[in-house]
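Okay, thanks everyone, let me grab the screen for a few minutes. I'll go through the packing, then the strands, then a couple of backbone angles.

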Amino acid sequence: MFRKVFLGMVVVMVLAHGIAYGGTEPFEKVGTYAAQFLKVGVSARAAGMGSAYTAVANDATAIYWNPAGMVAQTRTQVSLNTVTWPADIDVYFAAATFSTPYLPGTWGVSARALTMDPQLERTIYMPEGTNRYFDAGDMSFGLSYAMWFTDKFSAGITAHFIHMGLADKSVQTMAFDFGLIYRIGIQGMKLGMMIQSLGSEVDFDDRSSKLPTLFKVGLSIDAYRRGAHALLAAGEFAHPSDNKERMNVGLEYGFNEFFYLRSGYNIDYDTQGLAWGVGFRFDTSQTSDIGFDYAWEDLGFLGQAHRFTLNFSY
């Protein structure tokens, strides 16, 4: 029954998307939506695979990429992530997933912050600066939940509280993420779907702006798995509400579940392009491990981005 319901949801969402956008060139509303920090992807593993992670998500950062993937974590996991963005901007993301015998399903909590150095105030009459500085930054806090509906189908949701500040102005709002993952059962193939940052408009300085809602559909497959060697391939299609449609593709090679090499590409993005990464995982006991991941991403004329992730599982 749940399989039929899920497949029906997939068909309806795909058809609805085709009807809404097929045959027309959508207007690219770049720079007109609020909370752009929500679009900065976390997780060095995901970024190293070209952000083709909607169907792959199986760690604590699934809270960001697809909360339905949290069910893959049978232990408690804590993930600490740092993104070094151009213009001296940093994004920090911390997440934890866990299960409790008192409640069904898998739960997750997360916190995210975009920070920058104090900025020099400039005016029309004093373009070189007024010798006064102001702060700017964004943050969000999330509560996530995911559960199995069948042995192949899981779904998850995240509720975010968002705070955005610029000098003496600030706004708060709520946003929601919804995700599905269906395990097809052939060669480890998984189909993932995600609606991200769904929420109401925010009023910043008496101007209304929408949140950058994103719809994604992804597929992953165990392309090769023999002995100590494994190759994971993934791809996905994305339709952002404030830009043109784009795609992501990525690969991950793993050796003995210890060493990982990754590469991917962001297709039809304004700046993002090639990405690659590396990762290590160490067993610290029979029931715990620690992992470190790094990713580099080309941002074209903006420069490059670096991501670092530290995971603890126990």
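So, the largest nonpolar core here has 19 residues, and the ones with the most contacts inside it are Met49, Tyr53, Val56, Trp65 and Phe93. Keep in mind that we're looking at a predicted model.

Where do those core residues come from? Helix H3, at 62-65, strand S2, at 89-100, and strand S13, at 229-240, each put in at least two. The largest share is from H3, with four residues. There's also a second, separate core, this one with 15 residues, and Ala35, Val40, Ile89 and Ala175 are among them. As a general point, nonpolar side chains in soluble globular proteins tend to be buried together.

Let me zoom in on Met49. What does Met49 touch, if we skip anything up to four places away in sequence? Going along the chain, you get Val56, then Leu232 and Ala234, then the run Val249, Gly250, Leu251 and Glu252, and finally Arg262, Ser263 and Gly264.

The link between S2 and S3 is a hairpin through two residues. If you want a landmark in that pair, look for Phe98, which stands opposite Trp107 in S3.

S3 has another partner, strand S6, residues 136-148. That pairing is antiparallel too, and nine bridges hold the count there. The landmark for this one is Ser110, standing opposite Gly142 in S6.

Last topic, the backbone angles. Most residues other than glycine have a negative phi. You'll find Asn131 in the loop between strand S4, 119-120, and strand S5, 133-134. Is Asn131 buried or exposed? Exposed, because its relative accessibility is 71% and the cut-off for that label is over 50%.

Asp268 also has a positive phi, near 65 degrees, and again this isn't a glycine. Asp268 is in the loop between strand S15, 259-267, and strand S16, 274-283. Its relative accessible area is 48%, so Asp268 is called partly exposed.

Terms used:
Residues are numbered from 1 along each chain as its sequence is written. This is a predicted model: local features need pLDDT of at least 70, side-chain atom pairs count only at pLDDT 80 or more; totals for chains, interfaces and linings use all residues. Side-chain values use heavy atoms; hydrogens and water are left out. A nonpolar core is a set of buried Ala, Val, Leu, Ile, Met, Phe, Trp, Tyr and Cys residues joined through side-chain atoms within 4.5 Å. Buried means under 20% relative accessible area, exposed over 50%, partly exposed in between (1.4 Å probe, protein chains only). Contact means heavy atoms within 4.5 Å. Two strands pair if DSSP finds at least two bridges between them.
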